[in-house]
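Please read it alongside the sequence and the 3D structure.

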Amino acid sequence: MRILLVASAFNSLTQRVFAELRDRGHRLRVHLAEGDAALRAVISADPPELVLAPMLRTAIPADVWSAYTCLVVHPGPPGDRGPSSLDHAIQEGATRWGVTVLQADERMDAGDIWASTEFSVPPVGKSDLYRNEVSDAAVAAVLLAVERFAAGDHRPRPQHGPDWDVPDRTRPYLRQELRRIDWATDPTELVLRRLRAADSQPGVLDELLGGEWYLHGGHPEDELRGRPGELLATRAGAVCRATADGAVWIPQLRARRQPDGPATFTLPATLALGERLPRLPEVPAPLELPEGRRTWTDIGYRERGPVGLLRFSFPGGAMSTAHCRRLLAAYRFACARPTTALVLGGGRDFFSNGIHLNVIEAAADPAQESWANITAMDDLVEAVLTTTDRLVVAALGGNASAGGVALALAADEVWCREGAVLNPHYRLMGLYGSEYWTYTLPRRVGPAVADRLSRAALPVTAGTAQRLGLVDRVVEAGPQDFGTEVERFAGLLAAGPAVHDRIAAKKEVRERDEALRPLAGYRARELARMHRTFFTPQEPYHALRSAFVAKKSPPGTPAHLRPPAMDRTYREG
């Protein structure tokens, strides 16, 4: 079927819907909303059978939805309406929520319902929930709605009339005054709900150390205490702040934009505060956290018999120079333990998206910080590639892109949750790429497919990644259950009768490959390209990075999402 995807951004949900529908053979067009006239022109040039909006901040014009069936994904259950659906659900402590696919008409979110799906709401931030439970529910509802539309005999359910027995709940945009935290009186659980409801956008506006900041992310702390509102400690770039009855960790801050000032962006909290930050104790969390502790840490290690489990979770999946170095130190610790298999990852949400563009943009010398970051990533990937005394599994509970995919490919096996989306390419940021991808990607999928993936720069589902050879196992589990399933599969792998033969064989392969072409050769060639890009001010990378960090929308739909480029990718695929 010819489907036009209309979206405000090619974000995680739009990418997943795109990739899932493409896997099912639909002919897709993508149009990033840039005004009603542009949408009309796209439709006139290639009339679709169906218009689908996975994530749209603006209304579809009446003349379009009157002429074509236009289905809109709303992140709320039937009867829920308004632009802050998830924000309200999290801040109010909902334990069940839903996604509805409805038909566009004159009232926002009030059109006929084609499909809806419910899900449980775990205590996580909005962006994590959106990329996981919401994404799973949205895809299920979209696929059902598309199937019903294609059948031609389905009658969608009107949100009015005698058969409509669901109370309408239209709620306004959740303004900052409704998000504000009263540090003197608000209990920790309320503070956490407010922080989680705004963790990606827009953040919670607050005053801190003489400035105005948006707070991004929130995690409980069970030991540190102090005067409500007081900063108590730092940990790996985050700050701990006292509440009325406890404390919370806040990993990221964003300065409030000044009138006519440049765009601001999220940074690790201590980096954002800079010289404003008073002298506070750095309280590192133990790598092996005791059972029952409620505290924030972005890297942790556990053992279950012959299996080591090294989990990490960095905001937005971005890995700064410091992140890479700390994770490398933890990896070396894990490799010193007497285990047969080591799992890297295994948590929910992002695995990794490679280098930390925000930290790079904020650096006094972005080129130098880019170089430090990519060499730190290379050091980490090299450590994984050269581990020959045990099996290493990369477990992707969520999305990965660019250097994050390359990090996963360095492992012996890649296991992916079925809802994850992979972007195995770099070129949209104007980069050639590093992390030994010119060794690992062709080794897995062959030179022709590796070239096609890097040129097409399109997302792939976990299922397609498995068919291509990027992924070895697709784990059918919800976001909350992924880690448990990975632990079970890793236990079976480590206890298998052939595990020691496999370890011996991988060592032989690594030695053979090293004799044919040393890893240092791949690294030198990749980094030579990256060095030219980083230290040449005219290279597109610098403008693309700045635009990405400032969240500037591209001028129109990017070329790689427009025909004939996308059609050619389909034919080649």
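T234 is found in strand β12, which covers residues 231-235; helices (H or I, at least four residues) and strands (E, at least two) are DSSP runs, numbered from the N terminus. This is a predicted model, in which local features need pLDDT of at least 70 and side-chain atom pairs count only at pLDDT 80 or more, while totals for chains, interfaces and linings use all residues. Residues are numbered from 1 along each chain as its sequence is written, and side-chain values use heavy atoms, with hydrogens and water left out.

**Surroundings of T234**

- T234 counts as buried because its relative accessibility is 7%; buried means under 20% relative accessible area, exposed over 50%, and partly exposed in between (1.4 Å probe, protein chains only).
- Beyond its neighbours within four places in sequence, T234 is in contact with V239, W249, T270, L277, L280, P281, E282 and V283, where contact means heavy atoms within 4.5 Å.
- From C-alpha to C-alpha, T234 lies 36 Å from Q15, and the two are 219 residues apart in sequence.

**Strand β22**

- Strand β22 spans residues 413-417 and is mostly covered, with 5 of its 5 residues buried.
- In a regular strand, side chains alternate between the two faces of the sheet.
- E413, W415 and R417 point one way from β22, V414 and C416 point the other way, and all are buried.
- β22 pairs in the parallel sense with strand β20 (residues 391-396) over 4 bridges; two strands pair if DSSP finds at least two bridges between them.
- V414 in β22 is the bridge partner of A394.
- β22 also pairs in the parallel sense with strand β25 (residues 473-475), over 3 bridges, and W415 stands opposite R473 in β25.

**The chain as a whole**

- The chain has 20 helices and 25 strands.
- Along the principal axes, the C-alpha atoms fill a box of roughly 70 × 60 × 50 Å.
- Of the 573 residues in the chain, 56% are buried.
- Among contacts between residues at least 6 apart in sequence, 70% join residues at least 24 apart.
- The accessible surface comes to about 24200 Å², and 52% of it belongs to carbon and sulfur atoms; accessible areas come from the Shrake-Rupley method with a 1.4 Å probe, and for residues only the protein chains shown count as cover.
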